[in-house]
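This report covers a protein chain and the DNA strand beside it. The sequence and structure come first, then the reading of them.

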Amino acid sequence: MENDGNTSLNKGAWSADEDATLAQYVALHGPKRWKCVAIKSGLNRCGKSCRLRWLNYLRPDVKRGNFSDAEEDLILRLHRLIGNRWSLIAKRIPERTDNEIKNYWNAHLRKKAKLMEKLPAISLAAMKENLWSEEASNGTESQETEDIGGGNEDGDDNESFDVSASELNWVKRFLELEEDV
DNA sequence: AAATGCGCCAACCGCGTGCGC
DNA sequence: AGCGCACGCGGTTGGCGCATT
């Protein structure tokens, strides 16, 4: 188990001073070796805590604030496709972090998704069949089978989907993009 | 005005994985 | 090949603020 050891380490909310210290250190040495960062920066924090703070708030390319409709829609679609793979979803949504997306899901979208589940649905199997046959005819090769199959293997295997033709296209594009990341 | 409940968000925790030695 | 360290991920918790009674 990773153990950042010291029981007298600071916990809880970060102060502006701590943020500044961390940001300054990372700007100088880069976002790696978080244990070293924690020790050498003089912050009385564990490495994990520093990493999380940097990734979620101090990184220059992270966007704060309300999610747009487009982002919300994207999250809903991606979640339906791959489940609670927050880091994967975050990679598809520029400037958003996995933690932020996870929180937004839990706070706002879970209920919405529940409602949508009750709409007329087709099975995942049917969707896959559709998708692969279309790909075969296009000669497009994808190695993302695992992402769909694997994405749902922990639990909700019989999850239902309501997938229109346009959505199917969208999913397909998503799978193609996956190879670039 | 005070008490209580609820929702949201920041942060922590435990576990799995990758990588270097 | 095995071991230990560091990192990344997803689930969960704690605390704050707002709404309701």
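Accessible areas come from the Shrake-Rupley method with a 1.4 Å probe, and for residues only the protein chains shown count as cover. On that basis chain A exposes about 11,300 Å². Carbon and sulfur atoms supply 49% of that area.

The model is predicted: local features need pLDDT of at least 70, side-chain atom pairs count only at pLDDT 80 or more, and totals for chains, interfaces and linings use all residues. Residues are numbered from 1 along each chain as its sequence is written, chains are lettered from A and ligands numbered from 1 in the order in which they are written, and side-chain values use heavy atoms, with hydrogens and water left out.

**Fold**

Chain A has nine helices and two strands. Both kinds of element are DSSP runs, numbered from the N terminus: helices are H or I with at least four residues, strands are E with at least two. The order from the N terminus is α-α-α-α-α-α-β-α-α-β-α.

Of the 181 residues in chain A, 38% are buried. Buried means under 20% relative accessible area, exposed over 50%, and partly exposed in between, with a 1.4 Å probe and protein chains only. A contact means heavy atoms within 4.5 Å. Among contacts between residues at least 6 apart in sequence, 68% join residues at least 24 apart.

Leaving aside residues up to four places away in sequence, Ile75 touches Phe67, Ile93, Ile101, Tyr104, Trp105 and Leu109.

Met116 is partly exposed, because its relative accessibility is 26%. Met116 and Leu76 are 40 residues apart in sequence, yet 9.8 Å apart in space, C-alpha to C-alpha.

**DNA surface**

A residue is near a strand if one of its heavy atoms lies within 4 Å of it. There are 16 residues around DNA strand B, and Lys11, Lys48, Ser49, Arg53 and Arg64 come nearest. They divide into six nonpolar, five polar and five charged. Helix H3 (47-58) and H6 each supply at least two of the residues. H3 gives the most, with five.

| Side chain | Atom of DNA strand B | Distance |
|---|---|---|
| Ser49 | phosphate oxygen | 2.7 Å |
| Arg53 | phosphate oxygen | 2.3 Å |
| Asn103 | base nitrogen | 2.9 Å |

A polar contact here is a pair of N or O atoms within 3.5 Å.

**Backbone**

Most residues other than glycine have a negative phi. Arg33 has a positive phi, near 50°. Arg33 sits in the loop between helix H1 (16-29) and helix H2 (34-40). Arg33 is exposed, because its relative accessible area is 63%. Glu95 has a positive phi of about 70°. Glu95 is found in the loop between H5 and H6. At 40% relative accessibility, Glu95 counts as partly exposed.

Key:
Polar contact = N/O pair within 3.5 Å; in protein donor to acceptor, adjacent residues only side chain to side chain. Nonpolar A, V, L, I, M, F, W, Y, C, P; charged D, E, K, R; others polar.
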